[in-house]
Amino acid sequence: QTCALPIWINQLRQAQAKEAEANAFRDQASAWSALDKGQRVALQEFITRYGNSPHAPEARTLLNGIGKKEADNSAAQRANEQTMRDQDAVKQALGRYQAAISEMNFSKLQEVWGGAPDGIAQFKEQFGLAKRFEVKLSLLVPATIDGDSATAECTRTVTFVPKIGKKTEPPPGRVRVAFARSGSTWLIRAITPF
């Protein structure tokens, strides 16, 4: 009978171990069922607590997916913010162009035109003849940004009051304005009717 006691104790220990294992399995299965699988923190806590669970690889995959989605969203947000900055910079370039003409300031016009004298040479003569000169460019749609170049479709309204003679206001027309990036600003490269 003394030999039977250790066997019984051993069987009891084995039964307790199996019950503990079954309880642990139920706990992790219950935790997995209740887990919000779309939450980073919840998945991390599950992996930390139940790293040997059969669901741990799936939890890691879901966690990696959340990380990728967050990175993609962050990249998309940065791209959207850059697009907004670029759209604002294009509007500012148009504003600088209009101001340079209204002020009849050829130096400012050269700055916004990017130092391309062929495209604006005629303005120097027109400034000399004008009492007042205004050009309004109104965006028809947001500018199309492609890397370091951009294109904007605008309506153009011109008012020219000569020093001698009558004011002229040709009918509004449509123009396509081409830009090139220069640091954080945009410079006009060409304005062509379409």
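# Close-up views of a predicted model

Asp86 is buried, with a relative accessible area of 4%. Buried means under 20% relative accessible area, exposed over 50%, and partly exposed in between (1.4 Å probe, protein chains only). The model is predicted, so local features need pLDDT of at least 70 and side-chain atom pairs count only at pLDDT 80 or more, while totals for chains, interfaces and linings use all residues. Residues are numbered from 1 along each chain as its sequence is written, and side-chain values use heavy atoms, with hydrogens and water left out.

**View 1. Asp86 and Arg181 meet in a salt bridge.** A salt bridge is a side-chain nitrogen of Lys or Arg within 4 Å of a carboxyl oxygen of Asp or Glu. Between Arg181 and Asp86 the N to O distance is 2.8 Å. The pair links distant parts of the chain, with Arg181 in strand E4 (residues 173-182) and Asp86 in helix H3, 95 residues apart. Helix H3 covers residues 56-102. Helices (H or I, at least four residues) and strands (E, at least two) are DSSP runs, numbered from the N terminus. Arg181 is partly exposed, at a relative accessible area of 26%. Asp86, Asp148 and Arg181 are linked in a network of salt bridges. Leaving aside neighbours within four places in sequence, Asp86 is in contact (heavy atoms within 4.5 Å) with Ile145, Arg181 and Trp186.

View 2. A search of the whole structure finds eight salt bridges. Side chains of opposite charge can pair when their charged atoms come close. Lys68 counts as exposed because its relative accessibility is 53%, and Asp72 counts as partly exposed at 40%.

**View 3. Lys167 and Glu169 are joined by their side chains in a salt bridge.** The N to O distance is 2.8 Å. Lys167 is partly exposed, with 46% relative accessibility. Glu169 is partly exposed too, with a relative accessible area of 46%.

**View 4. Trp32 and Phe46 form one of the aromatic pairs.** A search of the whole structure finds eight aromatic pairs. The ring centres of Trp32 and Phe46 are 5.1 Å apart and the planes are at 55 degrees, so the pair is tilted. Rings of Phe, Tyr and Trp (its six-membered ring) pair if their centres lie within 6.5 Å; planes under 30 degrees apart count as stacked, over 60 as edge-to-face and the rest as tilted. Distant parts of the chain are linked by this pair: Trp32 is in helix H1 and Phe46 in helix H2 (residues 40-49), 14 residues apart. Both Trp32 and Phe46 are buried. The charged end of Lys37 sits over the ring of Trp32, 4.7 Å from the ring centre. A charge sits over a ring if NZ of Lys or CZ of Arg is within 6 Å of the ring centre and within 35 degrees of the ring normal.

**View 5. Phe133 and Phe160 form an edge-to-face pair.** The centres are 5.2 Å apart, with 80 degrees between the planes. Phe133 in strand E1 (residues 130-139) and Phe160 in strand E3 (residues 149-162) are 27 residues apart, and their pair links distant parts of the chain. Phe133 and Phe160 are both buried. Ring pairs link Tyr97, Trp113, Phe123, Phe127, Phe133 and Phe160 into a cluster.

**View 6. The charged end of Arg176 sits over the ring of Phe194.** The distance from the ring centre is 4.2 Å.

**View 7. Trp8, Ile9 and Leu12 form a nonpolar patch on the surface.** Together the three residues have about 280 Å² of accessible area. Ile9 lies in helix H1 (residues 4-34) and is partly exposed, with a relative accessible area of 31%. Patches are made of residues with over 30% relative accessible area and no salt bridge; like charges are joined within 9 Å, and nonpolar side chains (Val, Leu, Ile, Met, Phe, Trp, Tyr) within 5 Å. Accessible areas come from the Shrake-Rupley method with a 1.4 Å probe, and for residues only the protein chains shown count as cover.

**View 8. Arg60 is found in helix H3.** Arg60 is partly exposed, with a relative accessible area of 38%. Not counting residues up to four places away in sequence, Arg60 touches Ile47 and Gly51. Arg60 and Pro162 are 102 residues apart in sequence and 74 Å apart in space, C-alpha to C-alpha.
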